[in-house]
Amino acid sequence: MEVIDTVVVGGGQAGIAASEHLTNNGIEHVVLERHRIAERWRSERWDSLVMNGPAWHDRFPNLEFNCHPDAFPGKEDVADYMVAYAKKIGAPIRTGVEVKRVSKVKGGSSFIVETSEGQIEARHIIAATGPFQKPIIPPVVPTDAPIFQMHSNSYHNPEQLPEGAVLVVGAGSSGTQIAEELRKAGRKVYLSVGAHDRPPRRYRNRDFVWWLGVLNKWNADTPNPGTEHVTIAVSGAEGGKTVDFRRLAHEGLTLVGMTKGYSDGTVQFENDLIHNVNRGDANYLSVLEEADAFVAANGLDLPEEPEAKIIPPDPECMVNPILDLNLAEHGITTILWATGYVLDYSWLEADTFDERGRPIHQRGVSKERGVYFLGLPWLTRRGSAFIWGAWHDAKFVADQIQIQHNYSGYHGEAEVIS
């Protein structure tokens, strides 16, 4: 059996970042990736997807994207960047190797990693499979209903979908961008909008990632209760623009409230559309207010932008909200679910998960000695889900493994010096 100190499971941004820091610490390791490096960027994203953060900001510290710093790289560019970075640092990545099971050696401190290429014994396991593990479709519309249903992870372009109108459920970054793409392709689109935050894309000549940085919001390390998974509506499409649901409605999208039920070919919605949009607007305006206060307090010479605070009038779909929608009568042939993912650590046998299967950890260090997590939202801070955030989190985890090595290497003194 092959014996390696640390096995990193997942060859995306978190796994690559872990490899760099493990190498820097002199820790023998291997990164196992069941497909290609950064595979999800290539095959589980739509064709026109771009990053939600500009190239100057959302990257590893030691390599820039091959584009303008303010540009938003496309999905293939991101995957190519990951491949280039893995090559740059000499990451020992084995692609096409699936991890099927990780279990603790009985009566020992190491783990057996069962893979499609055989077994490996390891002292440490880093689960770097990220947050986008298993697409989730809420059990609202039966799978045998006479309507084509698809999760956003399988969507690539409008030509995939049957002719007709589309109901997009979920108004985060993915759902909003897909809905707008479908509308521009000539489809009638209904967008189901739930609770969300929507920061400005740019304000006073600075991208919102800059504002979150100077306002020290990226380093927020404890989300408010219930806000860990609040949907963020932001877009890097078409050079980057602020998501404004009222504007989208005036341009032809039909907004509806949160999807709640289905019966006899009709989808029912909560009467919460106005509340959800107003809440998003309040979040947007609060960022502008904080930005203005920061500019004033620090004497910055940034152009004022009063027009950014103008909220468009309510569109018809908000004045008279639709509470139920007969799919056939409105020509809707597709429901596209942009409803996120659930974690799937079924391959990892460790006593460090709660009743919902979520990892129990502190800054990526689990309850189970030798098991670590990387790449999850809010692992240590707001920025953890970003490329640069995963890099900083990985350094901490690699350092913890090094610290454990130091403890394990201590054998005590031969005599006590008085």
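This is a short tour of a predicted model, stop by stop, with something to select at each one.

Before you start, note that residues are numbered from 1 along each chain as its sequence is written. Because the model is predicted, local features need pLDDT of at least 70 and side-chain atom pairs count only at pLDDT 80 or more, while totals for chains, interfaces and linings use all residues; side-chain values use heavy atoms, with hydrogens and water left out.

**Stop 1: the core**

Select Ile126 and Leu348. Within the largest nonpolar core, which has 57 residues, these two touch the most other members. A nonpolar core here is a set of buried Ala, Val, Leu, Ile, Met, Phe, Trp, Tyr and Cys residues joined through side-chain atoms within 4.5 Å. Buried means under 20% relative accessible area, exposed over 50%, and partly exposed in between (1.4 Å probe, protein chains only).

Now show what surrounds Ile126. Setting aside neighbours within four places in sequence, its contacts (heavy atoms within 4.5 Å) include Val7, Val9, Leu22, Tyr372 and Ile401. A second, separate core has 26 residues, among them Ala171, Ile178, Phe245 and Leu248.

**Stop 2: His124**

Go to His124 in strand β6 (residues 118-127). Helices (H or I, at least four residues) and strands (E, at least two) are DSSP runs numbered from the N terminus. Is histidine 124 buried or exposed? At a relative accessible area of 5%, histidine 124 counts as buried. Beyond the neighbours within four places in sequence, His124 is in contact with Asp5, Thr6, Val7, Gly370, Tyr372, Ile401 and His405.

**Stop 3**

Select Thr176, Gln177, Glu180, Ser235, Lys241, Thr242, Val243, Arg247 and Leu248, which line the largest cavity. On a 1 Å grid over the protein atoms alone, a cavity is a set of points where a 1.4 Å probe fits but cannot get out, and a pocket is an open set with protein on both sides within 12 Å along at least five of seven lines; lining residues have an atom within 4 Å of a point. The volume of this cavity is about 40 Å³, where grid points are joined across faces, edges and corners and a volume is the space filled by probe spheres set on the points.

Helix α4 (173-184) and helix α6 (245-250) each supply at least two of the lining residues, and α4 gives the most, with 3. By class, the lining has 2 nonpolar, 4 polar and 3 charged residues. For these classes, Ala, Val, Leu, Ile, Met, Phe, Trp, Tyr, Cys and Pro are nonpolar, Asp, Glu, Lys and Arg are charged, and the others, Gly among them, are polar.

**Stop 4: loops**

Gly239 sits in the loop between β14 (231-232) and α6, and is exposed at 59% relative accessibility. Draw a C-alpha to C-alpha distance from Gly239 to Val105: the two are 52 Å apart in space and 134 residues apart in sequence.

Next, check two backbone angles. Asp264, in the loop between β16 (259-263) and β17 (266-269), has a positive phi near 50° and is exposed at 74%. Arg363, in the loop between β21 (361-362) and β22 (365-366), has a positive phi of about 55° and is partly exposed at 38%.
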